[in-house]
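Subject: Structure for you to look at

Hi there,

Here is the structure I promised to pass on. Have a look at it first, and then read my notes below.

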Amino acid sequence: MDSTSAGVIPPLPGPPPPAPRGWWRRHWEWAGPGLAGTGLLLVVAVVALVVAALLGTMKSSDAYRVAVETAQRDPALIAAIGAPIEPGWFFSGNVATRSGGTGEADLRIPLRGSHGQADLVVEAGRVDGRWLYTTLEAVVEGGETIPLRTGQRASDTGSSNRIDAASKRNTKGD
């Protein structure tokens, strides 16, 4: 006779084992902050790319390029802050160009020399594809303002970097 037939009842099964916990429940302590940090880094990276693209676009404009080249060649500015003169990476202002060859530039560009610093102040208007500089001056650390003269008007068409003989002077003060 076997035990089941003799009236012996087998033991009742215990409670079912707990369901296995999912991945998130097992790793939330490090995964949550990790995801938040990754999201924050992604936002910072996107903002940095947008800023770099905007600054790069403005730095490639002829209004910026000619102003910096003029400052780098100016003897009075070289005497004040030393050579070589290099523009800072961050600057403020804007450059706007429109169809029809018109536009405006309003920039403040930090400059560094071997023994000083200055801010390059640029105000220019674009007429018929040529930049006319109404303000082009360097404000040196001590407050001295050095007016700069352009040797050319820049053509923002990108097809030519020629010097226009009629624009051998800065329009400021004329």
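Of the 174 residues of the protein, 29% count as buried (buried means under 20% relative accessible area, exposed over 50%, and partly exposed in between, with a 1.4 Å probe and protein chains only). Please keep in mind that this is a predicted model, in which local features need pLDDT of at least 70 and side-chain atom pairs count only at pLDDT 80 or more, while totals for chains, interfaces and linings use all residues. Residues are numbered from 1 along each chain as its sequence is written, and side-chain values use heavy atoms, leaving out hydrogens and water.

First, the overall layout. The protein has three helices and six strands, and from the N terminus the order is α-α-α-β-β-β-β-β-β. Helices (H or I, at least four residues) and strands (E, at least two) are DSSP runs, numbered from the N terminus. The accessible surface comes to about 11,100 Å², with 62% of it belonging to carbon and sulfur atoms; these areas come from the Shrake-Rupley method with a 1.4 Å probe, and for residues only the protein chains shown count as cover. Among contacts (heavy atoms within 4.5 Å) with a separation of 6 or more, 48% link residues 24 or more positions apart.

Next, the aromatic residues. Rings of Phe, Tyr and Trp (its six-membered ring) pair if their centres lie within 6.5 Å; planes under 30 degrees apart count as stacked, over 60 as edge-to-face and the rest as tilted. By this rule there are four aromatic pairs. One of them joins Trp23 and Trp30, edge-to-face because the ring centres are 5.8 Å apart and the planes at 80°. Another is Trp89 with Phe90, also edge-to-face, with centres 4.9 Å apart and planes at 75°. Trp89 is partly exposed at 49% relative accessibility, whereas Phe90 is exposed at 56%.

Trp30 sits in helix H1 (residues 23-59) and is exposed, at 54% relative accessibility. Trp23 is partly exposed, at 44%. Together with Trp24, Trp23 and Trp30 make up one aromatic cluster.

Finally, a residue in the strands. Pro110 lies in strand E3 (residues 102-113) and is partly exposed, with a relative accessible area of 26%. Leaving aside residues up to four places away in sequence, Pro110 touches Glu86, Pro87, Gly88, Phe90, Phe91, Ala118 and Asp119.

Best wishes
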